[in-house]
Amino acid sequence: MFENISNGKNYKSLFNGEWIESKNKNTIELKSPVDESIIGSIQALSKEEVDEVLEISREAQIKWGETPISERAEILYKAADILEENVEEIAKIMQLEIAKDSKSAISEVKRTVDFIRFTASEGKHIEGETIGGDNFPGFNKSKLSFVTRVPLGVVLSISPFNYPVNLSASKIAPALVAGNSVVLKPPTQGAISALYLAEVFNKAGIPKGVLNTVTGRGSEIGDYLVTHKNVNFINFTGSTEVGKHIAKEANMIPMMMELGGKDAAIVLEDADLELAAKNIVSGAYSYSGQRCTAVKRVLVLDTVADKLVSLLEEKVKKLKVGNPKDEVDITPLIDSKAADFVQGLIDDAIDKGAKLLVGNKREGNLIYPTLFDNVTTDMRLAWEEPFGPVLPIIRIKNIEEAIDIANKSEYGLQSSVFTQNIDDAFYIAKKLEVGTVQINNKTERGPDHFPFLGVKSSGMGTQGIRYSIEAMSRPKAIVLNLLK
Ligand code: NAP
Ligand code: G3H
């Protein structure tokens, strides 16, 4: 099924329906996050090749945009079927490439199958409207606006390492069903998994040139891509640092951005503490905390803090640590730079007097699950996104202090509130400066047809199947002026 995408371990790039090597023969070697063994190499495309990709994408989009939506949707259904037949194989690549534990890797691919099917179906229900002129004072029924939705053109999709399949597909599928062509720039570490996904769409019958890939380091070709004249929309998921940089560079190109987070779990005194602890641990530590929506701080009322802390400690101690091939919760981080950064946050918290409950143990890129109590607001861990398995507990005196600390963050992705009092839950939810508030659940993106967005430094625009289709299409109004 995937024999065309590589020459041995040298992975090619999808260009106009064919898998090609870069003419300059420049490649990037990818290493395992677990033991640094070589997994394979990907193409480092040149600027001239990027030009060719964007030109072919522009040309191919014209016919694709005119293809009936029902036909576009049929190809997506086929892609979902092909992906479903290859769940195990693609999940194995992810385990190797990004050290995602087997259960999470399988669940990512299965979720993507559902995502593509739902998108195909939703795409068929995106409709326009007719607006009569007489709705507005001074106009009559002889003026009618026919509003349809049309594609934007070429969508540049840039995905992050932590969900190389799902967060590539969640850009590709809505863009395609809306009639756009797509240039996928996958994360360098995670590129092989994303190239498998591209071949799934290719095999499903996406016409030549409608989906192309550009591999190469973001730091080298990123700026060239995001400022390219043939790009009509940028759909980016990744760090706030890179997102802000792209937003400045890309000038007037419209964009959607899903960036970093520092999601707080607020626990009130009447909360079901067992439920809160279970959700907080799975929210904070799954895929070793490398999720934008991971619970990244706990704000707990003093009165119940001791009890919650002891439940959390007990559960964190039970997390299984090891190799992604096994049934474990915590695996090595994506690279040594990421592990060094997390270690820096841990060291700072210890230096400033936080109480270490579990962890602070490291083997290479593997950071053992770490839990701190008595974290204070002068510590980096109170504000910075670790993207690793470390969780700070901040004790608070009252609800207002929780809201204040939660909102002081530069980020605004999600928050959780654990309480049995619906009035308190809604009071806090309304005051929090985030895209979504979860009541009595961990912070999380799914289900994927819900709106998903961040405010402040966590992003701009709204994902979610219908929202993504709408973001990657626009209204086109044709006004009929009746003469009789
Ligand atoms: P990243 O370093 O920002 O990279 C994201 C993507 O941007 C990669 O494909 C990267 O390519 C590319 N890139 C880098 N520099 C670029 C440039 N100048 N122009 C264009 N593209 C460029 O993020 P990451 O480390 O992969 O992911 C972790 C971060 O993403 C965390 O902060 C996390 O919170 C955030 N995230 C947010 C969400 C959300 O939905 N809010 C979801 C997932 C992740 P290379 O790999 O080649 O550098
Ligand atoms: O890493 C960011 C993802 O958007 C998080 O998705 O909440 O389903 O893990 P998730």
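Predicted model: local features only at pLDDT ≥ 70, side-chain atom pairs only at ≥ 80, totals over all residues.
Student: Okay, ligand 1 then. Which residues come nearest?

Tutor: Ser-159, Thr-188, Ser-239, Leu-259 and Glu-385 come nearest, out of 30 residues around ligand 1.

Student: Which side chain has an N or O atom 3.0 Å from an oxygen of ligand 1?

Tutor: That is Lys-185. Backbone atoms take part as well: a polar backbone atom of Gly-218 is 2.8 Å from an oxygen atom of ligand 1, and for Gly-238 the corresponding distance is 3.2 Å.

Student: And how much of the accessible area of ligand 1 does the protein cover?

Tutor: The protein covers 86% of the 920 Å² that ligand 1 has on its own.

Student: Which elements supply at least two residues of that shell?

Tutor: They are α7 (218-226), β12 (233-237) and α8 (240-249). The largest share comes from α7, with four residues.

Student: How do the shell residues divide by class?

Tutor: There are 14 nonpolar, 11 polar and five charged residues around ligand 1.

Student: Which domains does the shell draw on?

Tutor: Domain 1 (3-259 + 459-477) and domain 2 (263-456) each provide at least three residues of the shell around ligand 1.

Student: Switching to ligand 2. Which residues are around that one?

Tutor: Arg-111, Asn-162, Tyr-163, Arg-291, Cys-292, Thr-293, Glu-444, Arg-445 and Phe-452.

Student: What are the distances to the oxygen atoms of ligand 2?

Tutor: An N or O atom in the side chain of Tyr-163 is 2.4 Å from an oxygen atom of ligand 2. For a polar side-chain atom of Arg-291 the distance is 2.6 Å. Cys-292 has a polar backbone atom 2.7 Å from an oxygen atom of ligand 2.

Student: What lines the largest cavity?

Tutor: The lining has 13 residues, and the closest to the centre of the cavity are Arg-297, Ala-406, Tyr-411, Gly-412 and Val-434. The elements giving two or more residues to this lining are α12 (399-408), β21 (411-412) and β22 (414-418). By class, the lining of the largest cavity has four nonpolar, four polar and five charged residues.

Student: And the second largest cavity, what volume and which residues?

Tutor: The volume is about 50 Å³. The second largest cavity is lined by Phe-115, Ser-170, Arg-445, Asp-448, Phe-450, Phe-452, Gln-463 and Gly-464. These lining residues divide into three nonpolar, three polar and two charged.

Student: Where does the second largest cavity lie relative to the domains, and why?

Tutor: The second largest cavity lies between domain 1 (3-259 + 459-477) and domain 2 (263-456), because both give residues to its lining. Arg-445 and Phe-452 are among the residues of that lining, and both are also among the residues around ligand 2.

Student: Which classes make up the pocket lining?

Tutor: The lining of the second largest pocket has 13 charged, seven nonpolar and six polar residues. Domain 1 (3-259 + 459-477) and domain 2 (263-456) each contribute at least three residues to the lining of this pocket.

Student: Last topic, the backbone. Where is there a cis peptide bond?

Tutor: A cis peptide bond joins Gly-446 and Pro-447, with omega about -5°. Pro-447 sits in the loop between β23 (436-439) and β24 (455-456).

Student: And which residue other than glycine has a positive phi?

Tutor: Asn-374 does, with phi near 55°. Asn-374 is in the loop between β19 (370-373) and β20 (390-396).

Methods:
Residues numbered from 1 in each chain as written. Chains lettered and ligands numbered in written order. Heavy atoms only, no water. 1 Å grid on protein atoms, 1.4 Å probe; cavity = no way out; pocket = protein on both sides within 12 Å on 5 of 7 lines; lining within 4 Å. Nonpolar A, V, L, I, M, F, W, Y, C, P; charged D, E, K, R; others polar. Points joined across faces, edges and corners; volume = space filled by probe spheres on them. Domains from an automatic or database assignment. Near = heavy atom within 4 Å. Polar contact = N/O pair within 3.5 Å; in protein donor to acceptor, adjacent residues only side chain to side chain. Areas by Shrake-Rupley, 256 points an atom, 1.4 Å probe, with all protein chains shown as cover.
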